[in-house]
Amino acid sequence: MTDTQLELMLNGTISIELNGTVVMVSPNNQHKLKLTIINNPNATPIITTNHNIIINGDTGTIIKERLSELFTLGRRLFSDQSKGVYIYKIIEVVKKYVVKVYREEFNSSNKSFMREVRYLLKFDGTIFRHPNIVKVYYGETLKINDDNFNYYKMKYYKFGSLDHWINKFNDEKILQLIMLQLVNSVFFIQSHEIIHRDIRPANVFIDEFIDNKFPVIVLADFECATKSNFSSRKETEIIGAKLCAPEVFMEGYSFESDNYSIGLTLFELITGKCNFQDFDVEKLSSEYNLSKEFAEIVLGLLKLKTERLSLDEVIKRLLQLLSNSIKWSDHINTNNGISKLIHSNTLFEYAVIEQDFRNFQFISEKSKHDNDFKREALKRNGLIYQFFRTEEKTKIMTKLAFINNYKALEFAPEQIRGDIDLMKEFTESEPLALEYIPNSIKEYMPTIEIVKKNGLALQYASHIDQNNFEIVKRAVLQNAKALRFATTDIRKNFLERTLGINDNIVGNIINNESSSSIEQVKVKLINSYECLFPYKPYDTQIEFMNRIIDTLDSTEKSNAILESPTIVIKLVKY
């Protein structure tokens with residue numbers, strides 16, 4: 001009977017025991033061990049191994065077998081044995097996932113694995129599902145032949161990565177939206193002091209298409225990510241050199257180098273090229289049918305470090321461009337990717353509030369209850385004050401709202417509007433705020449001073465003030481249309497009491513509309529003209545109109561609208 005020959009390639013220290021006694025210990029790391037087993041004719045040799053020791057079989061197959069014990073695996077999506085990286089599809093009843101595996105030795109210990117899982121699951125200890133960061137559910141380690149194979153379960157992105165979509169987006173606003181989301185993801189990780197260091201089309205996935213048109217993207221592959229204070233020039237050598245910002249080789253990675261990679265990713269997505277040196281704004285715009293504003297943003301991220309655009313500036317410019325093509329109000333109250341995008345960044349929430357202040361009621365709960373956010377939002381439009389809770393409507397917030405839109409005072413609580421000194425301050429700043437002041441304290445308001453600044457405030461004055469000739473006179477002097485808000489007695493006697501004092505006492509015009517509540521008088525004049533007066537005219541007025549008619553006849557005109565210090569009259573030839 002032939003003896004059994006066993007040949008093993010092993011890594012690690014080997015200890016061989018015979019009947020419980022150690023007969024050989026090898027300290028070397030690699031071994032080629034040959035064993036000859038003299039077969040017993042009465043028995044078959046049995047070779048047993050620990051569960052973590054696999055004899056024969058390629059690593060990919062072994063990993064799949066082990067993972068199959070944990071998941072229902074689909075096809076292998078990617079493998080690179082030289083780097084020890086394997087990606088498999090996971091099939092579950094409702095959703096599909098992906099499991100990513102890579103050998104620890106190819107990543108300089110499991111620090112990079114733990115780093116990636118930690119960055120994707122947590123940021124500063126707070127779990128937050130960012131809409132533009134790849135979704136990872138958990139990570140563990142498999143042990144095979146005493147090697148560690150780290151793996152984590154992540155969402156399956158059926159539309160693939162952006163490197164499959166190069167040159168396929170011809171609509172500029174789609175490219176702008178992709179860029180906005182990529183900038184948003186990097187803006188977020190930078191707020192947690194993280195540098196990605198490997199931003200490129202292959203590491204950006206499309207999650208979904210909204211309305212079969214707008215792509216929602218996520219940033220993935222955080223193996224190379226690091227805290228900003230841990231980045232070094234030595235570490236950058238392991239990352240693709242052609243995608244690095246020019247300063248990386250001398251200074252190491254930084255936030256600005258990630259910003260550069262965003263620009264290069266978009267440039268490659270648009271042109272299919274990585275070499276942008278021959279392009280300026282004019283060439284990029286004309287050859288790829290882009291607006292110059294968008295081309296400036298893309299190339300602005302590819303400038304030297306000191307001249308490179310900041311992400312804040314990029315976001316502001318992109319939002320301005322997109323506001324012309326996307327109505328944020330249509331998305332903010334949905335649960336789609338654009339809604340999640342808006343809620344993930346206060347800069348976006350400010351933009352949608354500026355587009356329509358009513359969008360404030362749909363912003364994230366976190367922002368709604370953040371005093372700093374609310375103060376900034378009030379600077380955009382004071383009317384969002386109406387969506388504040390009563391206890392949030394403090395005097396400080398009320399003042400800020402009032403400054404940006406006095407009509408916000410309508411939504412102030414009684415305690416605020418009952419503050420006489422504050423209301424005096426408000427009406428001094430904006431006389432029309434008198435509309436929102438309770439009648440119970442209007443008698444304490446300096447109405448004559450208020451209408452001096454804006455005569456139309458008379459319409460919100462108390463009835464007593466509307467029947468006060470001196471107050472009405474001051475109001476009409478400031479704005480003739482104010483006369484319509486005086487009492488009937490004041491209106492009927494106003495001309496009689498003002499003409500004869502000073503023709504200039506009324507500074508503006510009372511037009512037909514503003515005089516509609518006053519009885520009108522039609523008077524026939526010379527040369528077949530008639531004139532519509534708001535009041536019964538005086539002889540001096542009729543004499544003046546006849547002189548006007550002579551002028552009309554000399555210019556061969558048949559009608560005219562004439563303005564006097566107190567009235568507008570319509571003169572027509574009949």
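**Helix packing and buried residues in a predicted model**

In helix H8 (residues 292-300), the buried residues are Phe294, Ala295, Ile297, Val298, Leu299 and Gly300, where buried denotes under 20% relative accessible area, exposed over 50% and partly exposed the range in between, for a 1.4 Å probe and protein chains only. Helices (H or I, at least four residues) and strands (E, at least two) are DSSP runs numbered from the N terminus. The cover over the buried residues of H8 includes helix H3 (172-191), helix H6 (255-271), helix H7 (281-287) and helix H9 (311-322), contact being defined as heavy atoms within 4.5 Å.

The model is predicted, with local features requiring pLDDT of at least 70 and side-chain atom pairs counted only at pLDDT 80 or more, whereas totals for chains, interfaces and linings use all residues. Residues are numbered from 1 along each chain as its sequence is written, and side-chain values use heavy atoms, with hydrogens and water left out.

The chain contains 22 helices and 17 strands, and 47% of its 574 residues count as buried. Of the contacts between residues at least 6 apart in sequence, 54% join residues at least 24 apart.

Two packed helices are described by the angle between their axes and the distance between the axes. Helix H11 (residues 346-355) packs against H13 at an angle of about 30°, with the axes 9 Å apart; axes are lines fitted to C-alpha atoms, for helices over the stretch in contact, and angles run from 0 to 180 degrees between N-to-C directions. This crossing of H11 and H13 is right-handed, a crossing being right-handed if the near helix is turned clockwise from the far one by less than a right angle, and left-handed if anticlockwise. From H11, Thr346, Glu349, Tyr350, Ile353 and Glu354 meet Asp372, Phe373, Glu376, Ala377 and Arg380 of H13. By class, the contact of H11 with H13 comprises four nonpolar, one polar and five charged residues, with Ala, Val, Leu, Ile, Met, Phe, Trp, Tyr, Cys and Pro taken as nonpolar, Asp, Glu, Lys and Arg as charged, and the others, Gly among them, as polar.

Within H11, Ile353 counts as buried at 1% relative accessibility. Ile353 and Ala377 are separated by 24 residues in sequence and by 7.4 Å in space, C-alpha to C-alpha. Beyond its neighbours within four places in sequence, Ile353 contacts Phe360, Ile363, Phe373, Ala377 and Ile384.

Leu378, in helix H13 (residues 371-380), is likewise buried, with a relative accessible area of 0%. Residues up to four places away in sequence being excluded, Leu378 touches Ile384, Tyr385, Phe388, Met397, Leu400, Ala401 and Asn404. The C-alpha atoms of Leu378 and Phe402 are 9.0 Å apart, across 24 residues of sequence.

The axes of helix H14 (residues 395-404) and helix H16 (residues 420-429) come within 12 Å and cross at roughly 15°. The two helices are therefore roughly parallel to each other, since angles under 35 degrees count as roughly parallel, over 145 as roughly antiparallel, 65 to 115 as roughly perpendicular and the rest as oblique. This contact is made by Lys395, Thr398, Lys399 and Phe402 of H14 together with Leu422, Glu425, Phe426 and Ser429 of H16, and its residues divide into three nonpolar, two polar and three charged.
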